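Visitor: Hello! Could you walk me through this structure, one question at a time?

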Amino acid sequence: MTVTADSVQATRLDQGPGEVSDRLIASAARLSRNAMTEIDWSEPMDPSKYGCSPEWCSLYGTEMWDELTEEQQIALTRYEFASVMTNGIWFEMILQEMVIRDQYLGEYHSPEFQWSLIEIADECRHSLMFAKASEKMVGASYRPSRFVGWLGKAFMALARNEVAYAAILVAEEVLDVFQRGCMNDDRVLPFVRTVNEIHVLEESRHMKFAREEVRESMEGVGWFRRQFSALIIAIASFAIVTSLHDPKAYSDAGLDRDRAVATRKRNSHFHSMMRTSCVHLMEFLDSVGLLTRPASFWYRRARIL
Ligand SMILES: [Fe+2]
Ligand SMILES: [Fe+2]
């Protein structure tokens, strides 16, 4: 894969986590939002509105999707998006712990330290927003499997530097892909569109910071560490992407769970939506030397490459 003009330009314009943090602090002060006050959580939901754009549903474009009535399709998108958002809570918690640990006894007056606290506060509000949104939309929340939950705990305790920040970046980019795709679609529930809009806006700052941290960590890194980090990041990304759609969300929406899982795994429409949306992420990983051959294997398995 080649490095694009965009990513080269981004590398030139950004001058490390310190300078970028300064700009992000100013931007957050102007533009931060609060879903708890902005959304009327008691407003009744329009039964004709979807939980996400139908095209972003993991079964869209399949025979199984066509067999559903519109009412069932709406229910499916609501449960599915609740699964995506509440799995987002899982990795936002991992992320918060990793960022806190990274800044433990840090330089309190540095822009990097202060920006990190803003990011943690953002994530805390996001997780609360996702919890409220899934509660309102379907009254159900979802978690990764017990094994993946345990892997996440180990990752959160051990990951450092580029491994921590690149995994953060992948998790943020993948969630961003879904939310960006649905935030301007008036077929989607208005409060969910607001949730998506807030998250997309605030995550764009987080992703910028994560990219700077990854770039800085990768400077002068040797072959062995690069290979090892790339592989761990890719396996973590696989666990994140494959956990987004909990099979239980299908049965909660009234579908045959096993058939729905098998259908999603074969759904070329959904895979191509994911791949196309992750092009810039893959270009970035390539530009910093983290898209190695073994890592590419896991990204392909996760259908984001
Ligand atoms: Fe977030
Ligand atoms: Fe974030």
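Guide: Gladly! Two residues are in contact when they have heavy atoms within 4.5 Å. Please keep in mind that this is a predicted model.

Visitor: Then which residues is Asn196 in contact with, leaving aside its neighbours within four places in sequence?
Guide: Asn196 sits in helix H9. Its relative accessible area is 0%, so Asn196 is buried. Leaving aside neighbours within four places in sequence, the residues in contact with Asn196 are Phe81, Gln179, Cys182 and Met183.

Visitor: Which residues are the protein donors of the iron ion (ligand 1)?
Guide: Along the chain, the donors of this iron ion (ligand 1) follow the spacing E-x30-E-x2-H-x72-H-x3-E. They lie 1.9 to 2.2 Å from the iron ion (ligand 1). By name and atom, they are Glu92 (OE), Glu123 (OE), His126 (ND1), His199 (NE2) and Glu203 (OE).

Visitor: How many residues apart in sequence are the parts that Glu92 and Glu203 tie together?
Guide: Both residues are buried, Glu92 as well as Glu203. Glu92 belongs to helix H5 (residues 70-103) and Glu203 to helix H9, so the pair ties together parts whose separation in sequence is 111 residues.

Visitor: In which helices do Glu172 and Glu203 lie?
Guide: Glu172 and Glu203 are both buried. The pair ties together parts that are 31 residues apart in sequence, because Glu172 lies in helix H8 (residues 161-182) and Glu203 in helix H9.

Visitor: How many nonpolar, polar and charged residues does the contact of H6 with H9 have?
Guide: The crossing in which H6 passes H9 is left-handed. The residues of this contact divide into 10 nonpolar, 4 polar and 10 charged.

Visitor: Which residues of H8 and H14 make their contact?
Guide: The axes of H8 and helix H14 (residues 279-287) cross at roughly 165° and come within 10 Å. The two helices are therefore roughly antiparallel to each other. Sorted by kind, the contact residues are 5 nonpolar, no polar and 1 charged. By name, they are Leu169, Val170 and Glu173 of H8, with Leu281, Phe284 and Leu285 of H14.

Visitor: What is the phi of Leu105?
Guide: Most residues other than glycine have a negative phi. Leu105 is found in the loop between H5 and H6. With a relative accessibility of 63%, Leu105 counts as exposed. Although Leu105 is not a glycine, its phi is positive, about 55°.

Visitor: And what is phi of Arg303 near?
Guide: Arg303 lies in the segment after helix H15 (293-301). Its relative accessible area is 36%, so Arg303 is partly exposed. Arg303 is a residue other than glycine with a positive phi, near 65°.

Visitor: How far apart in space are Gly222 and Tyr250?
Guide: Gly222 is in the loop between H9 and helix H10 (223-243). Gly222 counts as partly exposed, at 40% relative accessibility. In sequence, Gly222 and Tyr250 are 28 residues apart, while in space their C-alpha to C-alpha distance is 45 Å.

Visitor: Finally, is Val221 buried or exposed?
Guide: Val221 is in the loop between H9 and H10. Under 20% relative accessible area counts as buried. Val221 has a relative accessible area of 19%, so Val221 is buried.

Key: Residues numbered from 1 in each chain as written. Chains lettered and ligands numbered in written order. Predicted model: local features only at pLDDT ≥ 70, side-chain atom pairs only at ≥ 80, totals over all residues. Heavy atoms only, no water. Left-handed = near helix turned anticlockwise from the far one by under 90°. Helix = DSSP H or I, 4+ residues; strand = E, 2+ residues; numbered from the N terminus. Nonpolar A, V, L, I, M, F, W, Y, C, P; charged D, E, K, R; others polar. Buried < 20%, exposed > 50% of the residue type's maximum accessible area, 1.4 Å probe, protein only. Donors = N, O, S within 2.8 Å, 3.2 Å for Na, K, Ca; no water. Axes fitted to C-alpha atoms, helices over the stretch in contact; angles between N-to-C directions. Parallel < 35°, antiparallel > 145°, perpendicular 65-115°, else oblique.
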